[in-house]
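Please read them with the structure open.

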Amino acid sequence: MVSSTPEMLQGGVTREQIVPSRKRIKLPAWLEIAKPRLIPLLLATTLGGMALSEGWPLPSLRLACTLGGGALAAAAAGVLNCIWEQDLDGRMQRTSGRALPSGRLSPTAAFIGAISCTLAAAALLVSGVNCLAAGLSLLGLCSYVLLYTAILKPRTPQNIVIGGVAGAIPPLVGAAAASGHVGLSGWWLFSLVMLWTPAHFWALALLLRDDYRAVGIPMLPVIQGPVVTVRAISRYGWATVLLSGFGVWALPEGGLLYGLLLIPFNARLLQMVHQLGAAPENVDRAKGLFRWSIFYMFGICLLLVVSRLPMAANFDLQAWSLLQQMASSGQFI
């Protein structure tokens with residue numbers, strides 16, 4: 001039975017208040033353990049990796065196979081994570097009502113589902129895309145389950161810094177699907193997601209630190225406290241903003257439009273990081289940064305796709321032509 005009491009987090013905030021969709025939608029047990037709320041962002045960064053490639057836009061069938069295979073691999077990773085952590089989840093107030101610790105689904109059924117999703121993902125990616133995309137997708141699965149969940153999470157407060165590689169692999173899958181190889185642009189988006197992940201996750205961890213402390217998980221807010229955590233968030237936030245600007249050159253075309261549209265996204269991210277830095281214990285500011293960081297990464301990927309539209313290429317040509325005319329006429333002097 002799932003507890004009817006709201007899941008209380010740090011500062012009296014409920015999980016439903018952080019992620020409102022959890023309050024409105026109760027998922028079936030078999031779907032809940034696949035962690036479907038995490039999948040859309042992974043697919044968005046996959047699309048971002050595709051948009052950075054010369055192979056964009058992809059044929060419809062290859063695009064569908066890439067996204068379908070990526071979703072299945074992500075679902076398998078989520079299920080395996082739930083299986084590995086079912087005892088831990090059962091001891092945490094926030095997660096005790098999940099499908100496995102609550103007994104609504106058996107570990108055997110979950111494991112069969114995870115293996116089925118993994119095999120289906122591999123078959124779809126190998127047959128409909130290419131072996132490199134399939135291999136990278138399975139590498140992301142293994143990184144999440146083995147590197148992050150099993151090795152790093154219970155041992156070091158830097159778990160998300162290193163373990164963030166799992167969430168950064170989808171752009172490489174997208175690049176491989178679009179062109180058959182991973183170029184520098186794909187690695188740029190991989191690096192951007194890696195830098196974005198700690199600030200995003202630590203904002204949430206500030207809210208959940210009591211739960212993590214109760215079961216001995218060494219998240220940074222538990223080990224170092226909110227002040228040190230917020231300083232780390234600030235460093236990674238600034239690094240994310242600086243690296244995001246390199247998308248101007250990572251894009252095959254449309255980089256100038258991307259750079260202009262990026263400005264308000266980065267300005268808002270830095271504003272929220274600064275506000276949290278001024279009040280590290282403020283629950284509302286941590287919650288706001290967590291929410292914005294999700295929107296931020298979706299926005300980056302959307303900008304990459306928009307920047308590959310024909311109108312973006314035309315905008316770039318006209319803007320550069322105007323700048324050259326102004327430079328040659330001495331208007332910059």
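**Notes on the predicted model**

1. Charge first. The chain carries 23 positive and 13 negative side chains. The centres of these two sets lie 3 Å apart. Bear in mind throughout that this is a predicted model.

2. Fold content. The chain has 18 helices and zero strands. Its radius of gyration is 21 Å, close to the 20 Å that the globule rule gives for 333 residues, so the chain is as compact as a globular protein of that length. Along the principal axes, the C-alpha atoms fill a box of roughly 75 × 50 × 35 Å.

3. Burial and surface. Of the 333 residues, 52% are buried. The accessible surface comes to about 15200 Å². Carbon and sulfur atoms account for 67% of that surface.

4. Contact range. Take the contacts between residues at least 6 apart in sequence. Of these, 72% join residues at least 24 apart.

5. Aromatic pairs. The count comes to eight aromatic pairs. The rings of Y144 and Y148 are one case: their centres are 6.0 Å apart and their planes meet at 15°, so the pair is stacked, the angle being under 30 degrees. Both residues lie in helix α8 (residues 131–152), four residues apart, about one turn of the helix. Y148 is buried, with a relative accessible area of 6%.

6. An edge-to-face pair. W187 and F190 sit 5.2 Å centre to centre, with 80° between the planes. Why does this pair count as edge-to-face? Because 80° is over the 60 degrees required. The two residues are three apart in helix α12 (residues 184–215), about one helical turn. W187 is partly exposed at 40% relative accessible area, whereas F190 counts as buried at 13%.

7. An aromatic cluster. F265, W292 and F295 belong to one aromatic cluster. Please look at these rings together.

8. D211. This residue also deserves a look. D211 lies in helix α12. D211 counts as buried, at 10% relative accessibility. Which residues does D211 contact, leaving aside neighbours within four places in sequence? They are M92, Q93 and R94. The C-alpha atoms of D211 and G180 are separated by 43 Å, with the two residues 31 apart along the chain.

9. K153. This lysine is found in the loop between α8 and α9 (159–163). Is K153 buried or exposed? K153 is buried, with a relative accessible area of 10%. Beyond neighbours within four places in sequence, K153 is in contact with E85, Y148, N159, I217, P218 and M219. Y148 on that list is the tyrosine of the stacked pair with Y144.

10. A cis peptide. Most peptide bonds are trans. The bond from W56 to P57 is cis, with omega near 0°. P57 is found in the loop between α4 (39–51) and α5 (60–84). Please check this bond in the model.

11. A positive phi. Most residues other than glycine have a negative phi. K35 has a phi near 50°, a positive value in a residue other than glycine. Where is K35 placed? K35 is in the loop between α3 (29–32) and α4. At 18% relative accessibility, K35 counts as buried, because the cut-off for that class is under 20%.

Technical notes
Residues numbered from 1 in each chain as written. Predicted model: local features only at pLDDT ≥ 70, side-chain atom pairs only at ≥ 80, totals over all residues. Heavy atoms only, no water. Rg over C-alpha atoms; globule rule 2.2 N^0.38 Å. Buried < 20%, exposed > 50% of the residue type's maximum accessible area, 1.4 Å probe, protein only. Contact = heavy atoms within 4.5 Å. Areas by Shrake-Rupley, 256 points an atom, 1.4 Å probe, with all protein chains shown as cover. Lys, Arg positive; Asp, Glu negative; His and termini not counted. Charge placed at Lys NZ, Arg CZ, Asp CG, Glu CD. Phe/Tyr/Trp six-rings, centres within 6.5 Å; stacked < 30°, edge-to-face > 60°.
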